[in-house]
Amino acid sequence: MKKYFMQIGIVLLLLLIAFFINPKELYYSFKAEKEIEIIRGILEEGIGEEKYKVKDIRHIGGNSFLVKNNNNSLLIQSKKKGSGTSYEIFVYDLTIERYIYK
(Lines give C-alpha, C1' and ligand atoms only; values in the text may rest on other atoms or scores of the structure.)
Protein backbone atom coordinates (compact mmCIF):
# COMPACT_ATOMS: atom_id res chain seq x y z
CA MET A 1 0.00 0.00 0.00
CA LYS A 2 2.88 2.37 0.80
CA LYS A 3 4.39 1.74 -2.65
CA TYR A 4 1.10 2.64 -4.30
CA PHE A 5 0.84 5.98 -2.45
CA MET A 6 4.52 6.64 -3.09
CA GLN A 7 4.02 6.11 -6.85
CA ILE A 8 0.97 8.38 -6.90
CA GLY A 9 2.93 11.02 -4.96
CA ILE A 10 5.82 10.88 -7.44
CA VAL A 11 3.45 11.15 -10.43
CA LEU A 12 1.69 14.14 -8.87
CA LEU A 13 5.02 15.79 -8.09
CA LEU A 14 6.20 15.31 -11.70
CA LEU A 15 2.92 16.74 -13.02
CA LEU A 16 3.27 19.74 -10.73
CA ILE A 17 6.85 20.33 -11.88
CA ALA A 18 5.81 19.98 -15.54
CA PHE A 19 3.02 22.50 -14.98
CA PHE A 20 5.45 25.13 -13.69
CA ILE A 21 8.21 24.42 -16.23
CA ASN A 22 5.74 24.45 -19.16
CA PRO A 23 7.36 21.95 -21.57
CA LYS A 24 5.30 23.24 -24.50
CA GLU A 25 6.90 26.69 -24.16
CA LEU A 26 10.36 25.12 -23.87
CA TYR A 27 9.73 23.11 -27.04
CA TYR A 28 8.68 26.19 -29.03
CA SER A 29 11.62 28.17 -27.64
CA PHE A 30 14.06 25.45 -28.74
CA LYS A 31 12.40 25.23 -32.16
CA ALA A 32 12.60 29.04 -32.57
CA GLU A 33 16.33 29.00 -31.72
CA LYS A 34 16.99 26.54 -34.55
CA GLU A 35 14.99 28.69 -36.97
CA ILE A 36 16.93 31.79 -35.87
CA GLU A 37 20.23 30.12 -36.75
CA ILE A 38 18.89 29.11 -40.17
CA ILE A 39 17.62 32.64 -40.84
CA ARG A 40 20.94 34.17 -39.74
CA GLY A 41 22.76 31.90 -42.20
CA ILE A 42 20.42 32.78 -45.07
CA LEU A 43 20.79 36.53 -44.51
CA GLU A 44 24.56 36.48 -44.09
CA GLU A 45 24.98 34.39 -47.27
CA GLY A 46 22.88 36.95 -49.08
CA ILE A 47 19.62 37.07 -50.95
CA GLY A 48 20.13 37.89 -54.58
CA GLU A 49 22.85 40.54 -54.60
CA GLU A 50 22.11 41.85 -51.11
CA LYS A 51 23.99 40.60 -48.02
CA TYR A 52 22.80 41.57 -44.56
CA LYS A 53 24.75 42.06 -41.35
CA VAL A 54 22.40 40.88 -38.64
CA LYS A 55 22.31 42.80 -35.35
CA ASP A 56 19.35 41.15 -33.66
CA ILE A 57 16.75 38.47 -34.42
CA ARG A 58 13.60 38.17 -32.34
CA HIS A 59 10.90 35.54 -32.47
CA ILE A 60 7.64 37.49 -32.64
CA GLY A 61 5.36 34.49 -32.43
CA GLY A 62 4.19 31.62 -34.57
CA ASN A 63 6.45 31.49 -37.61
CA SER A 64 7.37 35.19 -37.66
CA PHE A 65 10.76 36.70 -36.88
CA LEU A 66 11.89 40.33 -36.71
CA VAL A 67 15.46 40.96 -37.88
CA LYS A 68 17.30 44.22 -37.31
CA ASN A 69 20.44 45.23 -39.17
CA ASN A 70 22.29 48.51 -39.71
CA ASN A 71 20.12 49.82 -42.54
CA ASN A 72 16.59 48.56 -42.04
CA SER A 73 14.34 45.95 -40.45
CA LEU A 74 13.19 42.67 -41.94
CA LEU A 75 10.12 40.59 -41.20
CA ILE A 76 10.62 36.93 -42.01
CA GLN A 77 7.87 34.34 -42.08
CA SER A 78 8.67 30.67 -42.44
CA LYS A 79 6.21 28.27 -44.06
CA LYS A 80 6.49 24.50 -44.00
CA LYS A 81 5.71 22.85 -47.33
CA GLY A 82 6.03 19.10 -47.42
CA SER A 83 9.58 18.22 -46.48
CA GLY A 84 10.98 21.73 -46.99
CA THR A 85 10.61 25.21 -45.58
CA SER A 86 10.24 28.45 -47.50
CA TYR A 87 11.00 31.88 -46.06
CA GLU A 88 9.19 35.06 -47.05
CA ILE A 89 11.33 38.10 -46.32
CA PHE A 90 9.79 41.55 -46.13
CA VAL A 91 12.16 44.54 -46.08
CA TYR A 92 10.89 47.60 -44.23
CA ASP A 93 12.26 50.85 -45.51
CA LEU A 94 10.47 53.55 -47.45
CA THR A 95 9.11 50.75 -49.62
CA ILE A 96 8.41 47.15 -48.79
CA GLU A 97 10.17 44.52 -50.87
CA ARG A 98 9.36 40.84 -50.78
CA TYR A 99 11.73 37.92 -51.40
CA ILE A 100 10.98 34.22 -51.24
CA TYR A 101 13.85 31.90 -50.34
CA LYS A 102 13.25 28.17 -50.95
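1. In which strand is Ser64 found? Ser64 is found in strand β2, where helices (H or I, at least four residues) and strands (E, at least two) are DSSP runs numbered from the N terminus.

2. A word on the basis of these notes: this is a predicted model, in which local features need pLDDT of at least 70 and side-chain atom pairs count only at pLDDT 80 or more, while totals for chains, interfaces and linings use all residues. Residues are numbered from 1 along each chain as its sequence is written, and side-chain values use heavy atoms, with hydrogens and water left out.

3. Ser64 counts as buried because its relative accessibility is 15%, buried being under 20% relative accessible area, exposed over 50% and partly exposed in between, with a 1.4 Å probe and protein chains only. Setting aside residues up to four places away in sequence, Ser64 touches Arg58, His59, Leu75, Ile76 and Gln77, a contact being heavy atoms within 4.5 Å.

4. Strands β1 (residues 54–61) and β2 (residues 64–69) run antiparallel and are joined by six bridges; two strands pair if DSSP finds at least two bridges between them. The two strands form a hairpin with two residues between them, and Gly62 in the turn has a positive phi of about 60°, while His59 stands opposite Phe65 in β2.

5. The largest nonpolar core has 16 residues, and Leu43 is one of those with the most contacts inside it; such a core is a set of buried Ala, Val, Leu, Ile, Met, Phe, Trp, Tyr and Cys residues joined through side-chain atoms within 4.5 Å. The largest share of this core, five residues, comes from α2.
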